[in-house]
Amino acid sequence: MKKNKDFIDCPRCLGKGYVDLNDIKRLRRELYWEPGPHCAYCDGKKIVAFDFASKINPDDWFITSDVDKLLLKRYLKREPKAIREVKKMEDFMVGLVNCIYHLYVNEDKNRSEIVDLLIKDSAVPKKEAEEYVDKVIRAIFSNLIK
Ligand SMILES: [Zn+2]
């Protein structure tokens with residue numbers, strides 16, 4: 001795609017088409033995102049419409065490569081119901097990630113202790129709890145301690 005005045009370099013990946021650790025740190029998403037081959041904000045195109053960038057923050061929590069495509073479409077159209085749904089998911093995830101981070105880093109709990117606590121306290125299914133815990137622990141090591 002050619003650049004013109006209506007398009008700008010993607011403010012999330014800075015025009016690379018993919019998100020690396022520097023982007024993640026700059027946007028303060030260390031506990032949520034992992035470096036990947038595809039920038040979901042510009043859809044790998046390296047540029048975005050100025051209009052889009054002025055409406056949606058480049059650090060938007062929800063716009064990532066592994067989300068429900070239909071919900072993403074509705075969210076990008078700024079449907080109030082989709083925005084509320086995403087906000088609810090975001091609040092849940094922020095609470096969950098902070099909890100896992102706290103238990104692992106400050107309370108020195110191990111993976112299975114954290115999984116057990118999540119199952120007990122938040123009624124998250126075991127498989128999901130394991131996935132969340134693994135993802136946060138991986139993010140702590142790959143995005144924070146490096
Ligand atoms: Zn991008």
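**View 1. Overall architecture of the protein chain.** This is a predicted model, in which local features need pLDDT of at least 70 and side-chain atom pairs count only at pLDDT 80 or more, while totals for chains, interfaces and linings use all residues. Residues are numbered from 1 along each chain as its sequence is written. The protein chain has six helices and two strands; helices (H or I, at least four residues) and strands (E, at least two) are DSSP runs, numbered from the N terminus. Read from the N terminus, the order of elements is β-α-β-α-α-α-α-α. The C-alpha trace spans about 55 × 40 × 20 Å along its principal axes.

**View 2. Domain 1 and domain 2.** The domain assignment, with bounds from an automatic or database source, gives domain 1 (1–66) and domain 2 (68–146). Their C-alpha centres lie 21 Å apart. Nine residues from domain 1 and 11 residues from domain 2 take part in the contact, where two residues are in contact if their C-beta atoms, placed from the backbone, lie within 7 Å. On the side of domain 1 that touches domain 2 there are seven nonpolar, no polar and two charged residues. In these classes, Ala, Val, Leu, Ile, Met, Phe, Trp, Tyr, Cys and Pro count as nonpolar, Asp, Glu, Lys and Arg as charged, and the others, Gly among them, as polar.

**View 3. Helix H4 and its meeting with H3.** Helix H3 (residues 69–76) and helix H4 (residues 80–106) have axes that come within 8 Å and cross at roughly 120 degrees. Axes are lines fitted to C-alpha atoms, for helices over the stretch in contact, and angles run from 0 to 180 degrees between N-to-C directions. H3 is therefore oblique to H4; angles under 35 degrees count as roughly parallel, over 145 as roughly antiparallel, 65 to 115 as roughly perpendicular and the rest as oblique. The crossing of H3 and H4 is left-handed, a term used if the near helix is turned anticlockwise from the far one by less than a right angle, with right-handed used if clockwise. From H3, Leu-71, Arg-74 and Tyr-75 meet Ala-82, Ile-83, Glu-85 and Val-86 in H4. This contact of H3 with H4 has five nonpolar, no polar and two charged residues. After H4 comes Asp-108, whose phi is positive, near 60 degrees.

**View 4. H4 against H6.** The axes of H4 and H6 are 10 Å apart, and the helices pack at an angle of about 65 degrees. H4 and H6 are therefore roughly perpendicular to each other. H4 contributes Leu-96, Val-97, Ile-100, Tyr-101, Tyr-104 and Val-105, and H6 contributes Tyr-132, Val-133, Val-136, Ile-137 and Ile-140. By class, this contact has 11 nonpolar, no polar and no charged residues.

**View 5. H5 against H6.** Helix H5 (residues 111–122) and helix H6 (residues 126–144) pack at an angle of about 135 degrees, with axes 9 Å apart. H5 is therefore oblique to H6. H5 passes H6 in a right-handed crossing. Arg-111, Ile-114, Val-115, Leu-118 and Ile-119 of H5 make the contact with Lys-126, Ala-129, Glu-130, Val-133 and Ile-137 of H6. The contact of H5 with H6 has seven nonpolar, no polar and three charged residues.
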